[in-house]
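Here's a quick briefing for anyone about to look at a ligand site. Have the viewer open as you read.

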Amino acid sequence: MFNLVLFGPPGSGKGTQSDKLVAKYGVFHISTGELLREEIAQKTPLGIEAKKFMDRGKLVPDEVVIGMVDSFFEKHKDAKGFLFDGFPRTVAQAEALDKLLDLKEMQLDAVLALQVSEEELIKRLLERGKTSGRSDDTNEEVIRKRFAVYNNETQPVADYYKKEEKFYAIKGEGSVAEIFAALCSEIDKRIM
Ligand code: B4P
């Protein structure tokens with residue numbers, strides 16, 4: 001079993017590929033985006049607060065996201081490996097993840113980063129916005145804001161993991177099956 005971060009800009013296919021990786025390797029999937037959308041759907045105080053940030057293309061504050069991941073860990077104490085999807089998105093979150101894994105006497109094995117051009121990302125997100133009901137996908141201005149946030153706040157996370165020699169870039173354009181095959185080959189080569 002392994003602990004893996006699937007990294008990449010909004011719309012790079014993290015959620016799409018995570019579902020397939022979970023089915024193949026049996027790791028526990030933790031998507032902070034999905035957890036936040038569940039909180040929004042249930043209209044919890046956390047969800048109501050988070051929605052204000054997500055609708056504007058901003059990141060939800062670190063303490064909220066880290067608290068949410070912490071309680072997810074508490075609920076799944078027996079899990080032997082995790083696939084982190086959309087987390088960490090800031091260096092503070094990456095440091096918090098190291099501490100949480102430390103407490104479980106676990107460590108992160110690899111960070112696989114999906115590389116997709118901005119033009120392709122915008123096309124995918126606007127397409128998803130037609131059917132997903134996600135307010136953060138329907139407005140191109142909000143989508144561009146999410147990229148700016150990604151470049152300023154999330155890109156430094158890549159450098160954090162490069163220093164730890166855990167960062168591997170994967171071509172995220174092509175068919176879903178081709179990208180999945182590339183991810184599996186990297187996992188099988190480096191971790192399994
Ligand atoms: P997320 O839910 O993580 O979602 P995402 O980055 O928008 O998309 P993902 O990369 O998973 O793309 P998908 O597979 O769906 O985040 C949403 C928001 O939540 C953030 O903007 C932020 O506000 C907040 N948030 C989440 N985590 C946070 C954190 N840790 N800290 C603070 N805030 C946080 O793919 C996109 C589309 O492309 C889909 O329609 C899919 O069908 C299509 N697609 C996938 N692969 C394709 C391919 N190969 N070819 C063509 N289309 C493809």
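This is a predicted model: local features need pLDDT of at least 70, side-chain atom pairs count only at pLDDT 80 or more; totals for chains, interfaces and linings use all residues.

Residues are numbered from 1 along each chain as its sequence is written, and side-chain values use heavy atoms, with hydrogens and water left out.

**Ligand shell**
- There are 29 residues around the ligand, and Lys 14, Thr 16, Thr 32, Arg 128 and Arg 146 come nearest (a residue is near if one of its heavy atoms lies within 4 Å of the molecule).
- By type, the shell splits into ten nonpolar, eleven polar and eight charged residues (nonpolar means Ala, Val, Leu, Ile, Met, Phe, Trp, Tyr, Cys and Pro; charged means Asp, Glu, Lys and Arg; the others, Gly among them, are polar).
- At least two shell residues come from each of α1 (14-25), α2 (32-41), α6 (118-132) and α9 (176-190).
- The largest share, four residues, belongs to α2.

**Polar contacts and burial**
- Arg 128 has a polar side-chain atom 2.4 Å from a ligand oxygen (a polar contact is a pair of N or O atoms within 3.5 Å).
- For Arg 37, a side-chain N or O atom sits 2.9 Å from an oxygen of the ligand.
- Lys 58 uses its backbone instead: a polar atom there is 2.9 Å from a ligand oxygen.
- On its own the ligand exposes 1000 Å², and the protein buries 86% of that (accessible areas are from Shrake-Rupley with a 1.4 Å probe).

**Fold**
- You'll find nine helices and five strands in the protein (DSSP runs: H or I of at least four residues for helices, E of at least two for strands).
- Starting at the N terminus, their order is β-α-β-α-α-α-β-α-β-α-α-α-β-α.
- The radius of gyration is 16 Å, close to the 16 Å that the globule rule gives for 192 residues, so the protein is as compact as a globular protein of that length (taken over C-alpha atoms; the rule is 2.2 Å times the number of residues to the power 0.38).

**Backbone details**
- Phe 87 and Pro 88 are joined by a cis peptide bond, with omega about 0 degrees.
- Pro 88 is in the loop between β3 (82-85) and α5 (91-103).
- Glu 105, which isn't a glycine, has a positive phi near 55 degrees.
- Look for Glu 105 in the loop between α5 and β4 (110-115).

How values were computed: A polar contact is a pair of N or O atoms within 3.5 Å; within protein, one must be able to donate a hydrogen and the other to accept it, and residues adjacent in sequence count only if both atoms are side-chain atoms.
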